[in-house]
Amino acid sequence: MSALLSSIQAVDALRASEERFRSILEELEDAYYEVDLAGNVLRCNGAFCRMLGYAEHELVGRNNRMFQSKEAAAAVLARFRQVYASGISMTGCDWELLRKDGSPLLVEGSIHLVRDASGEAIGFRGFQRDVTIQRETERALRESEAKYRGILETIEDPYYEVDLHGTLVLANDALCRMLGYEMHELIGLSYEHLQAPEISARMQAHFARVLQSGVAAQGVDWEMYRKDGTPVTGEGSVQLVRDLNGKPTGFRGILRDVTKRRHVEQALRESEARFRALTNLSSDWYWEQDAQLRYTRMESRHNRSGKAPNAFLGRAPWDTALMIEGGWDEHRRTLLEHRPFRDVVMRRNLSGGKPYYISVSGEPFFNADGSFAGYRGVSREITDQKLAEERIQHLATHDVLTGLPNRARFSQLLAESIAQARNAHARFAVLFIDLDRFKHINDTLGHEAGDRLLREVTARFRGAMRTTDVIARLGGDEFVVLVRELDDSARASAVARKLLAAATQPVMLAGRECRVTASIGIAMYPQDGEDEQTLMKNADIAMYFAKEEGKDNFRFYTHEIKSQSLERLLLENHLRRALERDEFTLHYQPKLHLTQNRICGVEALLRWNNRELGAVAPADFIPIAEETGMIIEIGKWVLQTACAQNVAWQHSGLPAVSMAVNLSVRQFADPHLRDDIAAILASTGMAPELLELEITEGMMVNNPAHASALLAAVKQLGVRLAVDDFGTGYSSLGQLKNYPIDTLKIDQSFIRDLGASNEDRAITEAIIVMGKTLGLAVVAEGVETQDQEDFLRARGCDELQGFHFAHPLGAAEFADLFARHLHGLA
Ligand code: C2E
Ligand code: MG
Ligand code: MG
């Protein structure tokens, strides 16, 4: 019973498993078959029936030959036999079947041996899949690939295809040529083999990006090595390759050999870099402008400007923060006329207002067709240089001690004020300030204390004025103030009062309380003077007046002040300081020897150029110098300077000429005269016979005894003597004989009227004759015309001096004239 039961259970289990097996088979998409050893179909699934177009019952029990093509039958049989003999399953084999409707069918299938429980082979089973379409497609693909390859070969540009690992799977001859490989060497190579690792990494990134985005990349530079190791650059595309299902399988693209182009580009870059390096040596910026004069490029060697050059790009210079002194008009004209320019100074203000100066040079450049293309050039920063210049300018125009404008600067400011006031019909005042007793403080407390006092007073003066007013230091204890914008003299007196009050405040100097006062003179524009010099002079005069009246005081320039005595006082005062201020110079008037027709000597003539009074004529200041005795010192200076100059000319290669120096009455009376002359001759190395001292008749007439003694003493030094302005005094022939005179100079008043006056002609002739008789050289002064010269020549006059031949000249000018004259050029 239990045996029966277990057998029934076994059959049930079998049936159940059979059922499960069948349902699985039916669900399969692939065809399933079972045949016995003779090839009769034992079982098949729905897929198998559908594949062949039969119903199941039409197949089961029938031999498989029924759906085999005759051509394939033998081959199929052989495979079954092989599986039966070896017991080894066979998979993936293609064979051809026939459908019920007779149409052929290509399948790929497997053959497995089926054994019974005892291991005996009882049949075969296997799966089959319809691969008709697949095989068809594959064949078409193969065909199209051949065609495709044909197309590839006609492409002149290199073509590549790599798989996802980067292995070259397809290439054309152009690629082989570019890389120098045979086709069979190339296929199968990884692209990494063709390039440096860092380039591979870059390419990999490109591939990855294309793979990720699916978007092709264009213009990728691909630097590779040829088989022989030389570098080659391809520029090309990377495109995704997909299989029929759309799955990415690799990449492909077309390359172009750009090696040469990259070479040229590189060379260009290098030459540009070299050019840049060169311009960098001498410049800080390289720039270019287009035909519309807008900056298109601006590169700095080092960026110190603090402003990005972007602020310049696209703009003409005048639309940027750059400034140019005097405005852009002139520079704009240069550019519009396409002219080159050099070292144009431009300025801009950095943040904080600091100036930044550049010196800009540029050149126009032109297109191949000759049309204007723009400008290019360089700029150099010159801020330091410019600031140094400004500093020098400041030093030249300002007083070091007080920082105030100096005389030179004040003179400019005053000139400007005059010009402005003239146009605007405005008035202004010039205040001349002189500190009283300053010299005393300087002498007793020392220069340092004096300097401190001046600085202190300067600060106070400044505090007492408006910003529109100007104060300058003229030197020493002299200041000058320009008070602008005033309607009447009331404000000028108000300023003067304030300045006086400021000065009187006590100052602590060297532990002592010191007090200074000031004297102020005021001149008003325009009534007291319409030019610089008159205004300054009159303010100066007014100041003296204030001082005379008891100091700590101010005075306007008035007509009553304008007395002779004050003019003179002023002159005298300036003259007193002329030597120490180095205001004297000498001019030299050549004398022409008439028979030898050469320059035989010069006369030294004193010139005084005072900073306030301007050039003062000798006739105006020499009398004052004489009266005050200053002429002694001045005369020594003249002698010394003239002798030194004479020696210097000789050293410079000019022939020796005589040097005439005028002596004044006062000098003539000076007991030291002879010794002074001797000392000067010795110290300068001047040959005594070249020095000729000019005296006047008066000196001899007034004190004959002294004159003859002195002249004899002087004469002993070897020096020559001349009588100047001869004919105006009262000397007589008889007197002249008593003195050791060498030369007579006929006074210019006779020469002037030679043409008109018979008398003057007669006197001149007589002097010449008389001179000759006495064995003296005769010189005619003040010869201004050819007629005068002709007359003198005809009468046998020895030398002449006058504007007709030459004016008094500066030392260098004379040397020049002398040299030219020697060579017959003048
Ligand atoms: P001087 O010694 O009779 O000098 C000649 C003057 O006549 C000079 O005037 C000269 O510039 C001027 N002169 C020369 N050629 C001509 C001419 O063709 N036409 C006219 N109209 N003038 C001519 P300057 O330089 O103004 O000197 C004037 C006087 O001042 C001199 O007369 C001389 O007496 C005196 N002087 C000049 N320099 C000195 C000096 O160093 N010491 C002294 N004590 N007196 C001097
Ligand atoms: Mg003279
Ligand atoms: Mg004279």
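**View 1. Asp724 bridges two magnesium ions, ligand 3 and ligand 2****.** The two ions lie 3.9 Å apart in this predicted model. Local features need pLDDT of at least 70, side-chain atom pairs count only at pLDDT 80 or more, and totals for chains, interfaces and linings use all residues; side-chain values use heavy atoms, with hydrogens and water left out. Residues are numbered from 1 along each chain as its sequence is written, while chains are lettered from A and ligands numbered from 1 in the order in which they are written.

View 2. Donors are N, O and S atoms within 2.8 Å of the metal (3.2 Å for Na, K and Ca); water is not among the atoms, so the site may look incomplete. Asp725 in strand 29 (residues 720-726) and Glu781 in the loop between strand 31 (777-780) and helix 27 (786-794) are 56 residues apart, a pair that links distant parts of the chain. Helices (H or I, at least four residues) and strands (E, at least two) are DSSP runs, numbered from the N terminus.

**View 3. Accessibility of Asp725 and Glu781****.** Asp725 is partly exposed, at 27% relative accessible area, whereas Glu781 is buried, at 7%. Buried means under 20%, exposed over 50%, and partly exposed in between (1.4 Å probe, protein chains only).

**View 4. Surroundings of Ala656****.** Ala656 sits in the loop between helix 19 (630-651) and strand 27 (658-662) and is partly exposed, with 42% relative accessibility. Leaving out residues up to four places away in sequence, Ala656 touches Gln650 and Leu690, where contact means heavy atoms within 4.5 Å.
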